[in-house]
Amino acid sequence: MLTAALPTVDMAAISLNAWDILLRMMSAMLVGAIIGTEREFTHRPAGMRTHMLVALGACVVMVTSQLLFAQYRPYGATPDPARLSAQVITGIGFLGAGTILKEGPTIKGLTTAASIWAVACLGVAMGAGYYAVGFVGAGCMLVTLTIFERLQTLLMKNNYALYAFSATCTDIAYVLDLIRRLAAEADGIVTSTEVEEAEDKHTFRIEFKVNFPGRGAAEREQQFFTALTSDERTSSVTVARARV
């Protein structure tokens, strides 16, 4: 009967002492702090502490996997040191989902959710002792979140036109429906709407934003504005270019 020989493993190569574990955890926290600070600076829902904890938790799981492998391998067991870390990469998606917010037809927080997932991956790399992968990955993430954000804004400047409108009316239901209908005719998307009742209790002020993506945004915005102001049930309509 033929039996396959188990591959030889250098146990000294995967043995971890207290200093190795401390270095890996501190490196993971540093990576999380770097990315989390950028998210904190831009006022995102997940900041420095969240990213630090995610990176640290992923690192702890990876270190624990390696310790379990080193502990039980001499007894003939063959535990997979990557199994626990794989569950971290899958499970971290639930935490990232908590940062995603839906406001009308738009969705916010996807970048922060992606950064949380990526930080968990960096934490796994640090926990495995791949410091170069962790720090280079953190640098690439920082470049993506800062430099490429400005580049994206420049590239999409003519394809993403967000305008803030304000209108006064007495028939709130009619005007809200009118706004949605005129926006659809101009290939625009109403991204947010706020209604404020005036002191006389008879008039309402509607503040809303409309995005006109694609070509000819200025012309379509003017078409929408003209149609809205020409309706006799609206008054004091103003518009301004909103910050993207």
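Which residues is Thr168 in contact with, leaving aside its neighbours within four places in sequence? In this predicted model, local features need pLDDT of at least 70 and side-chain atom pairs count only at pLDDT 80 or more, whereas totals for chains, interfaces and linings use all residues. Residues are numbered from 1 along each chain as its sequence is written, and side-chain values use heavy atoms, with hydrogens and water left out.

Thr168 is in contact with Thr203, Phe204, Arg205, Arg233, Thr234, Ser235 and Ser236, where contact means heavy atoms within 4.5 Å. Thr168 belongs to strand β3, which spans residues 162–169. Helices (H or I, at least four residues) and strands (E, at least two) are DSSP runs, numbered from the N terminus. With a relative accessibility of 15%, Thr168 counts as buried; the term buried denotes under 20% relative accessible area, exposed over 50%, and partly exposed the range in between (1.4 Å probe, protein chains only).

The protein as a whole comprises 8 helices and 6 strands. Along the sequence, these elements follow the pattern α-α-α-α-β-β-α-α-β-α-β-β-α-β. The protein has 244 residues, of which 34% count as buried. Among contacts between residues at least 6 apart in sequence, 68% join residues at least 24 apart.

Helix α7 covers residues 172–185. Its 14 residues reach 20 Å from the first C-alpha to the last, close to the 20 Å expected at 1.5 Å a residue; the expected span is 1.5 Å times one less than the number of residues. The buried residues of α7 are Val175, Leu178, Ile179, Leu182 and Ala183. Viewed down the helix axis, these buried residues fall within an arc of 125°, so they line one face of α7. The arc is that of the directions from the helix axis to the C-beta atoms. Ala173, Arg180 and Ala184 are exposed on the other side of α7. The buried residues of α7 pack against strands β3, β4 (189–197), β5 (204–211) and β6 (234–241), as well as helix α8 (217–230).

Helix α8 likewise has 14 residues and reaches 20 Å from its first C-alpha to its last, close to the 20 Å expected at 1.5 Å a residue. Ala217, Arg220, Glu221, Phe224, Phe225 and Leu228 are its buried residues. They cover an arc of only 140° around the axis, which puts them on the same side of α8. The face turned away from this buried side carries the exposed residues Glu219 and Ser230. The cover over the buried residues of α8 includes β3, α7, β5 and β6.

Arg205, one of the residues in contact with Thr168, is found in strand β5. Arg205 is partly exposed, with a relative accessible area of 34%. Not counting residues up to four places away in sequence, Arg205 touches Ser166, Ala167, Thr168, Glu194, Val195 and Glu196. The side chains of Arg205 and Ser166 are joined by a polar contact of 2.8 Å. A polar contact is a pair of N or O atoms within 3.5 Å; within protein, one must be able to donate a hydrogen and the other to accept it, and residues adjacent in sequence count only if both atoms are side-chain atoms. Arg205 and Glu194 are 11 residues apart in sequence, with a C-alpha to C-alpha separation of 8.2 Å in space.

Backbone geometry was also examined. Most residues other than glycine have a negative phi. Asp187, which is not a glycine, has a positive phi of about 55°. This residue lies in the loop between α7 and β4, just after α7, and Asp187 is exposed, with a relative accessible area of 52%. Ser236, in strand β6, also takes a positive phi, near 55°. Ser236 is among the contacts of Thr168.

A search of the whole structure finds 0 disulfides, a disulfide being a pair of cysteine sulfur atoms within 2.5 Å. Cys121 is partly exposed, with a relative accessible area of 26%. Cys140 is also partly exposed, with a relative accessible area of 45%.
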